[in-house]
Amino acid sequence: MLAVEVRDLAKTFRSGWFPRRLTRALRGGNLSIPRGVIFGLLGPNGAGKTTLLSILATLLLPDAGEAKVLGHDVVREARAIRPRLNMASGNSSFIWSLRAPEILAFYGRLYGLHGKALARKVDELVALCELEEHRKVPYQELSTGLKQRLALAKSLVNDPELLFLDEPTLGLDPDISVRMRAQIAGLRRERGTTILLTTHYMREAEELCDEIAFIKNGEIPARGTADALKRQIRIGDVIALRLDPASGDGLAELPGVLRCVFQDGRVECTVDSAEKRLAQILSWLHEQGVVVRDVDVHEPDLEEVFVELAK
Amino acid sequence: MYAFAKRNVLMAARNVFFVFELAFWPTVGVLSIGLMTRFLDLGPEMTAFLLVGTMALSTVQVCQLDVSYALLFDVWSKSVKHQFLAPVEIRHMALGSWLVGIGRGLTVFGLQALLSWWAFDFDFFEPGVLALGAFLLGCFLTSAVVGLLVCALVLLFGTRAEVSAWATVNLVMVFCGIYYPVSILPEPVSTLAGAFPLTYVLDAFRSHYGFAPEFSHPLLMGFILSALYIGLAHWALAAAVTRCRRTGLLLKLSE
């Protein structure tokens, strides 16, 4: 059974009166996400990621198309969906003068928890998100990292079957991001939660996501595993060379070389196939009297795929 | 419902501006009006007329603010989306906050009643418990209507409409005859005053202090209108929620 099923989903935002401005955030995208996976949604700013997430979370009504979450239509059956999902975002905010346990208790009550069950859940989440030492600190005095951990804790208050995470590690220090990612991976592993995640960090997507969809201008032009996307985009392999002298003029003109970038005394050539072109490049450099000090061949990383897709 | 009530109580206990709402402004209100009656050398009846109006206004103001806070706290803290993501209905949100509003309204009323008895020899309990209960219930029902409308306005117009939480109650002051009988209002304003439930509630309560009622069955009319407006305001708020889910304002209020 699918956790999310989207067909021809469209959403246009209207703003201003004269002239009336229209922003087409989603243009008939299709998407299906199986249960129990961590699914990544990548795309440049304004691509429609948050719009899609918000529609699936029943916070936004679509103009056209159909979206089903956990088997229920997000428009007609929103009430049946809401108890089963939750959401956290990197820029979440809560009431300034409440403390972490009070915030968790408030949202716990909104999801029908009360009495001892609520107290147990609050304690469990405070411990899970390592907020024990900050129990008595008002929200406004928490650090960014703690605020984001609290947002994650709040999103688990109803043990959601489906969790939407909108840039959950935005603006966090690297060490806190690593811990946050470990927590997210643990949610799927230990609770079987389906997670739909948007991020700008390719490493995060590559590390966490079973599958990734790329969204651009409200459409989904590519989806698959990180490896499949790299193959699908066919942006070639990368041959990185350290040359002496550090000059590779003419390299970009060789057959099969798509582009060359010179940086810090190294040249990175993107080629259609490293297997075919490496010998040819080395041979040409030898003829030019250039000494090759170091060679490294690798597939493009997800960031390069992102850049290619975002063009 | 309890979630919203508990949250409003916590906020009331932690924020200094609630002290102003609960003690400072009501005290200033009742003392300044009471002293004005002394300066103008008004008799006990006229003093009663003005103090009843002053206390009704303060009670409605404080109680309606709590209903508005059900949404405004989330708007100010940019956490609106979390509330609407949860499986809660408008009635839970409004009722929980309204109950706290009733508690705060009763506190304001108690404070003002004590002050008017001590400073101006005005006995608020003279009409009896039933009449007083009906008067306060009328004030609290009006507060629910105003609070729900403020929430609807905020969801329709965004943060620009926040000011309505404090401004809307001034309409009550003009139309409901807080400081004067509505019969002195020019037409069609006088007729319009008849559309406000608080007009009837005040009319009914003042009749216990020797003022002839301007309307027949004022309490019944007040309660019927209140019930009707609460239904309409609830519908308006539900429509506003749907609209802001469609326009994306719900998300903008969380950014």
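In this predicted model, Trp118(B) is exposed, because 9 other C-beta atoms lie within 10 Å of its own, and a residue counts as exposed at 12 or fewer. Trp118(B) belongs to helix H5 of chain B, which covers residues 90-120. Ser216(B) is 98 residues from Trp118(B) along the chain, and the C-alpha atoms of these two residues are separated by 34 Å.

Confidence was examined for chain B and for the model. The mean pLDDT of chain B is 89, and 100% of its residues reach 70 or more. Within chain B, the lowest confidence is found in helix H7 (residues 164-175), with a mean of 80, and the highest in H10(B), with 94. The ipTM of the model is 0.86 and the pTM is 0.82.

Chain B meets chain A through 23 of its residues, which are in contact with 24 residues of chain A. On the chain B side, two or more residues each are given by helix H1 (2-14), helix H4 (80-85), helix H10 (218-247) and helix H11 (249-252). H1(B) supplies the largest share of this side, six residues. By class, the side of chain B that touches chain A holds twelve nonpolar, five polar and six charged residues. H10(B), one of the contributing helices, is also where confidence in chain B is highest.

In chain A, helix H6 was considered in more detail. H6(A) runs over residues 174-191 and has 18 residues. From its first C-alpha to its last, H6(A) reaches 25 Å, close to the 26 Å expected at 1.5 Å a residue. Four of its residues, Met180(A), Arg181(A), Ile184(A) and Leu187(A), are buried. These residues lie on the same side of H6(A), because they cover an arc of only 110° around the axis. In general, an α-helix has 3.6 residues a turn, so residues three or four places apart point the same way.

The buried residues of H6(A) are covered by elements of chain A that include helix H5 (144-155) and helix H7 (202-208), together with strand S7 (162-166) and strand S8 (194-198). On the other side of H6(A), the exposed residues are Asp175(A), Ala182(A), Gly186(A), Arg189(A) and Glu190(A). Just after the helix, Gly192(A) adopts a positive phi of about 70°.

Technical notes:
Residues numbered from 1 in each chain as written. Chains lettered and ligands numbered in written order. Predicted model: local features only at pLDDT ≥ 70, side-chain atom pairs only at ≥ 80, totals over all residues. Expected span 1.5 Å × (residues − 1). Buried ≥ 20, exposed ≤ 12 C-beta atoms within 10 Å, placed from the backbone. Arc of directions from axis to C-beta. Contact = placed C-beta atoms within 7 Å. Nonpolar A, V, L, I, M, F, W, Y, C, P; charged D, E, K, R; others polar. pLDDT = per-residue confidence, 0-100.
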